[in-house]
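Here are my notes on the model you sent over. They go point by point, with cut-offs given where a term first comes up.

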Amino acid sequence: MVVGADEAGKGPALGPMVAGAVRAAPEDLPSGLADSKELTATRREELAAELRDNPDIAVAAAAIPPERIDAPDTDMNGLGVAAQAEAVAAVAEAGDDV
């Protein structure tokens, strides 16, 4: 199984930074996946539903709240890694390719 993660909202003006992770066999992924900026909102929603509805695919999200983003001892790169690590930890299993 393969696990991938990415974040959205790095450096948000308002609200949290959110990261998501997906655990799947590559052949189980729906066709048409691409950079979200290259997809219409409708297609992104369709693909998200396909991922969530497939019992062979695991998805998870993790959020970094504004209070943690605003803390003086943090940086956005470190927070992005932390959010992705939390999301990956929620879906990854021993032996997965992360």
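**Notes on the predicted model**

1. **An exposed loop residue.** L14 counts as exposed, at 77% relative accessibility. Buried here means under 20% relative accessible area, exposed means over 50%, and partly exposed lies in between, with a 1.4 Å probe and protein chains only. L14 sits in the loop between β1 and β2. Helices (H or I, at least four residues) and strands (E, at least two) are DSSP runs, numbered from the N terminus. L14 and P66 are 52 residues apart along the chain, yet their C-alpha atoms are separated by 7.4 Å.

2. **Basis of the values.** This is a predicted model, in which local features need pLDDT of at least 70 and side-chain atom pairs count only at pLDDT 80 or more, while totals for chains, interfaces and linings use all residues. Residues are numbered from 1 along each chain as its sequence is written, and side-chain values use heavy atoms, with hydrogens and water left out.

3. **Overall layout.** The chain has three helices and three strands. From the N terminus on, the order of elements is β-β-α-β-α-α. The C-alpha trace spans about 45 × 35 × 20 Å along its principal axes. Of the 98 residues in the chain, 24% are buried. Take the contacts between residues at least 6 apart in sequence: 61% of them join residues at least 24 apart. Contact means heavy atoms within 4.5 Å.

4. **The sheet.** Three strands form an open sheet in the order β1-β2-β3, with antiparallel pairing. β1 (2–8) and β3 (58–64) are at the edges with a single partner strand each, so one side of each has no neighbour in the sheet. The twist averages 15° from one strand to the next. Axes are lines fitted to C-alpha atoms, for helices over the stretch in contact, and angles run from 0 to 180 degrees between N-to-C directions.

5. Two strands pair if DSSP finds at least two bridges between them. β1 and β2 (residues 17–24) are joined antiparallel over seven bridges. On that side, D6 is opposite G20 in β2, and E7 is opposite A19 in β2. β2 and β3 also pair in the antiparallel sense, over seven bridges. There, R23 has A58 in β3 as its bridge partner.

6. **Main core.** Which residues make up the largest nonpolar core? The seven are V3, A21, A60, A62, A87, V88 and V91. A nonpolar core is a set of buried Ala, Val, Leu, Ile, Met, Phe, Trp, Tyr and Cys residues joined through side-chain atoms within 4.5 Å. β3 and α3 (76–91) each give at least two residues to this core. The largest share, three residues, is from α3. One core member, A60, touches A19, G20, A21, A87, A90 and V91, leaving out residues up to four places away in sequence.

7. M17 belongs to strand β2. Is M17 buried or exposed? M17 is buried, at 0% relative accessible area. From M17 to D28 is 11 residues in sequence and 28 Å in space, C-alpha to C-alpha.

8. **Largest pocket.** The largest pocket holds about 1,000 Å³ of space. A pocket is an open set of points on a 1 Å grid over the protein atoms alone, where a 1.4 Å probe fits, with protein on both sides within 12 Å along at least five of seven lines; lining residues have an atom within 4 Å of a point. Grid points are joined across faces, edges and corners, and the volume is the space filled by probe spheres set on the points. The lining has 30 residues, with D6, G20, V22, S36 and L51 nearest the pocket centre. β1, β2, α1 (41–53) and β3 each supply at least two lining residues. The largest share of the lining, seven residues, comes from β1.

9. D56 lies in the loop between α1 and β3. D56 is partly exposed, with 48% relative accessible area. Beyond its neighbours within four places in sequence, D56 contacts M1, R23, A24 and D28. D56 and P66 are 10 residues apart along the chain, with 33 Å between their C-alpha atoms.
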